[in-house]
Amino acid sequence: MTDPYQNNPGAGGPQYGPPGTGPDLNKAPDQSQPQYPQQPQFGQPADPYAQPQYGQPAPYGQQPGGYPQPGGGYNPNDPEAPYGRDQFGVPFSDKQKLMAGLLQIFLGGFGVGRFYTGHNGIAIAQIAVTWLTCGLGGIWPLIDGIMMLTGKVPDSLGRPLRD
């Protein structure tokens, strides 16, 4: 009997061992060998939750490095902080600094800015002080409105006002 691999170099020969020990292409694949997952396409991470590797662009809408987006936009993926988080991880309020500050500056004698942020007791006190002092106590709502615009006043739940 002649060796079929002897006159056909590269078809089996020494790289696969003696005849009959190489891979049989007519057999079903062996299930004991590990099956490797399909490699991702170019530009897509293997794990959708993985961070982008160095030198690869971040996916659309994400900042590089996995940092949270700065406050402002609505984020339905984080139910505890739908408006984002500040640099310390505290969730932003659903109230805005600009709205609260302008309401407090222009309508502070009526406590509107404090009602907006949920501080009803302080709003009623500002109304009382402003009207009982014949308007001289109106300096308090004015300064309070400036403090709201600078971000020093949180909402009634202690969350910082968003931009």
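1. Burial. A residue is called buried under 20% relative accessible area, exposed over 50% and partly exposed in between, with a 1.4 Å probe and protein chains only. By that cut-off, buried residues make up 18% of the 163 residues in the protein chain.

2. Basis. This is a predicted model, in which local features need pLDDT of at least 70, side-chain atom pairs count only at pLDDT 80 or more, and totals for chains, interfaces and linings use all residues. Residues are numbered from 1 along each chain as its sequence is written, and side-chain values use heavy atoms, leaving out hydrogens and water.

3. Fold. The protein chain has five helices and zero strands. Its pattern along the sequence reads α-α-α-α-α. Helices (H or I, at least four residues) and strands (E, at least two) are DSSP runs, numbered from the N terminus.

4. Contacts and surface. Contact means heavy atoms within 4.5 Å. Of the contacts in the protein chain with a separation of 6 or more, 40% join residues 24 or more positions apart. The protein chain exposes about 12500 Å², and carbon and sulfur atoms supply 60% of that area. Accessible areas follow the Shrake-Rupley method with a 1.4 Å probe; for residues, only the protein chains shown count as cover.

5. Helix α5. Which residues of this helix are buried? In α5 (residues 139-149), they are P141, D144, G145 and M148. Seen down the axis of α5, these buried residues fall within an arc of 105 degrees, so they line one face of the helix. The arc is taken from the directions from the helix axis to the C-beta atoms. An α-helix has 3.6 residues a turn, so residues three or four places apart point the same way.

6. What α5 packs on. The buried residues of α5 pack against α2 (97-107), α3 (112-117) and α4 (120-132). Just after α5, G151 takes a positive phi of about 90 degrees.

7. Salt bridges around R85. A salt bridge here is a side-chain nitrogen of Lys or Arg within 4 Å of a carboxyl oxygen of Asp or Glu. R85 forms one with D78, where the closest N and O atoms are 3.1 Å apart. The side chain of R85 also meets that of E80, at 3.5 Å, N to O. R85 is partly exposed, with a relative accessible area of 25%. E80 is exposed, at 62%.

8. The K97 and D163 pair. K97 lies in helix α2 and D163 in the segment after α5, so the pair ties together parts that are 66 residues apart in sequence. D163 counts as exposed, at 63% relative accessibility.

9. W131. This residue lies in helix α4. Is W131 buried or exposed? At 53% relative accessibility, W131 counts as exposed. Leaving aside neighbours within four places in sequence, W131 is in contact with G109 and F110. W131 and G109 are 22 residues apart in sequence and 7.6 Å apart in space, C-alpha to C-alpha. The side chain of W131 reaches the backbone oxygen of G109 at 3.3 Å.

How values were computed: Polar contact = N/O pair within 3.5 Å; in protein donor to acceptor, adjacent residues only side chain to side chain.
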